[in-house]
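Welcome! Please take a moment to look over the sequence and the model, and then we can walk through a few helix pairs and a few single residues together.

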Amino acid sequence: MRLAASCYSALHERVRAELDRAGLDALLLDDPLDVAYLTGFSHFPNERPVAAYLARDGAVLLLVPDLEREYAVDQRAAADLVVYPEFPGERSPWAVLRDAVPVPPVRAGYAPSTSVARVAGLGRAFPGTAWEPTDLVGTLRLRKTPEEIALHAEAARIADAMLAEGVRLVADALAGGGELPTETELAGHVTRYGAAKMYAEHDDVVVVPMLTGGLVYGGPNSAQPHRLPGGDRLRHGEPFMLSLGCAVGGRFVESERTFLLGEPTAEQRRYYEVVREAQQVGTEALRPGVRCVDANRACLDVIRRAGLGEYLRHRQGHGIGLGFHEPPWVADGDDTVLAPGMVLSSEPGVYVPGHAGYRISDTVLVTDDGPRRLTSYPRDLAEIVIGA
């Protein structure tokens with residue numbers, strides 16, 4: 001699945017309208033996700049620059065090294081290709097781009113993430129142009145179009161199926177009396193399952209650096225929120241976490257659950273239920289007109305009131321789009337006002353050193369009618385206990 005060419009044409013017109021309002025003649029974007037957003041071309045970034053150039057009164061150009069030329073054609077990039085031979089080479093890629101621009105801009109914008117060195121290179125290649133930072137595309141990316149939302153929804157369906165497959169593997173191992181999988185074995189299994197499902201059900205898969213994947217950890221390891229999977233086996237009587245996600249058409253979701261192996265103890269029940277309530281309250285707060293900082297406070301205050309504030313390690317959530325983590329940030333310090341079309345994670349957690357971590361995450365769409373969970377794997381305690 002990928003966005004239709006008409007979606008990119010409409011996007012280009014929205015960007016041109018923003019350029020007109022800002023008094024800019026052109027825009028250059030070299031962040032890989034911005035390039036994918038503007039042209040549909042996804043690539044693995046390296047030292048060779050790839051950039052999209054959009055003129056207010058001209059064509060959209062995609063600057064690529066020659067070794068990516070055929071791939072850009074295969075990906076049906078919504079732009080005219082400008083190809084440079086090599087980098088480093090005899091000529092700057094920006095000089096090659098300058099040759100392809102019919103009329104150099106007087107004022108042009110670039111994303112705030114563009115490096116100082118690249119801005120200097122643009123200045124040398126376009127000596128009469130005043131270059132200035134602008135986040136106009138970043139602002140547009142905050143609110144997803146209906147076509148993008150459909151991709152997020154399909155990714156959510158697959159991510160939920162990955163969770164279910166992980167549970168099946170663990171439950172079968174318990175029922176059969178064999179060894180439980182290691183964190184790495186379980187992570188590899190659900191990643192392969194998700195990718196296979198995507199290719200089996202879709203003819204036109206948009207490949208991005210992480211198509212399917214995530215984090216898997218059990219017991220005390222899960223108290224480290226971003227720990228990578230290791231060789232430890234899951235153990236009966238301990239919680240384990242599946243923190244999974246995937247991208248359809250380049251649009252991500254995450255679906256995360258904490259599971260309990262065996263009849264939960266009173267301590268495990270307490271930690272889990274507090275997080276479940278916080279996630280419910282925080283998700284309900286993701287409504288139009290609510291500031292990110294206020295949603296975050298409502299969510300995490302549930303954990304603080306339960307006396308577990310010392311085990312907080314992170315915010316409620318973050319934006320999701322072409323990136324797994326992107327603005328806005330559902331966190332203290334982000335005054336962004338939520339609006340329909342924003343896609344966010346709602347993922348509070350508590351992390352008890354030496355014991356375990358407990359986190360529940362859904363990908364949530366902000367709508368005029370309130371929050372809509374795109375991921376929907378069960379969250380009730382009875383649904384996350386395996387082998388009781």
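Predicted model: local features only at pLDDT ≥ 70, side-chain atom pairs only at ≥ 80, totals over all residues.

Residues are numbered from 1 along each chain as its sequence is written, and side-chain values use heavy atoms, with hydrogens and water left out.

Helices (H or I, at least four residues) and strands (E, at least two) are DSSP runs, numbered from the N terminus. Axes are lines fitted to C-alpha atoms, for helices over the stretch in contact, and angles run from 0 to 180 degrees between N-to-C directions.

| Helix pair | Residues | Angle | Axes |
|---|---|---|---|
| H7 and H8 | 146–176 and 183–201 | roughly 135° | within 9 Å |
| H4 and H5 | 93–100 and 116–125 | roughly 45° | within 9 Å |

Contact means heavy atoms within 4.5 Å. On the H9 side, Val274, Glu277, Ala278, Val281 and Gly282 take part, and they meet Ala298, Cys299, Val302 and Ile303 in H10. By class, this contact has seven nonpolar, one polar and one charged residues. Here Ala, Val, Leu, Ile, Met, Phe, Trp, Tyr, Cys and Pro count as nonpolar, Asp, Glu, Lys and Arg as charged, and the others, Gly among them, as polar.

H7 and H8 are oblique to each other, and H7 passes H8 in a right-handed crossing. Their contact has nine nonpolar, four polar and six charged residues.

H4 and H5 are oblique as well, with a right-handed crossing. Trp94, Ala95 and Arg98 in H4 meet Arg118, Gly121, Leu122 and Ala125 in H5. These residues divide into four nonpolar, one polar and two charged.

Is arginine 141 buried or exposed? Arginine 141 counts as buried because its relative accessibility is 12%; buried means under 20% relative accessible area, exposed over 50%, and partly exposed in between (1.4 Å probe, protein chains only). This arginine is in helix H6 (residues 136–141). Its side chain makes a polar contact of 2.7 Å with that of aspartate 34 (a pair of N or O atoms within 3.5 Å; within protein, one must be able to donate a hydrogen and the other to accept it, and residues adjacent in sequence count only if both atoms are side-chain atoms).

Threonine 39, in helix H2 (residues 32–39), is also buried, at 0% relative accessibility. A polar atom of the threonine 39 side chain lies 2.8 Å from the backbone oxygen of valine 35.

Glycine 23 sits in the loop between helix H1 (5–22) and strand E1 (26–29). At 29% relative accessibility, glycine 23 counts as partly exposed. Leaving out residues up to four places away in sequence, glycine 23 touches Arg56 and Arg107.

How values were computed: Parallel < 35°, antiparallel > 145°, perpendicular 65-115°, else oblique. Left-handed = near helix turned anticlockwise from the far one by under 90°.
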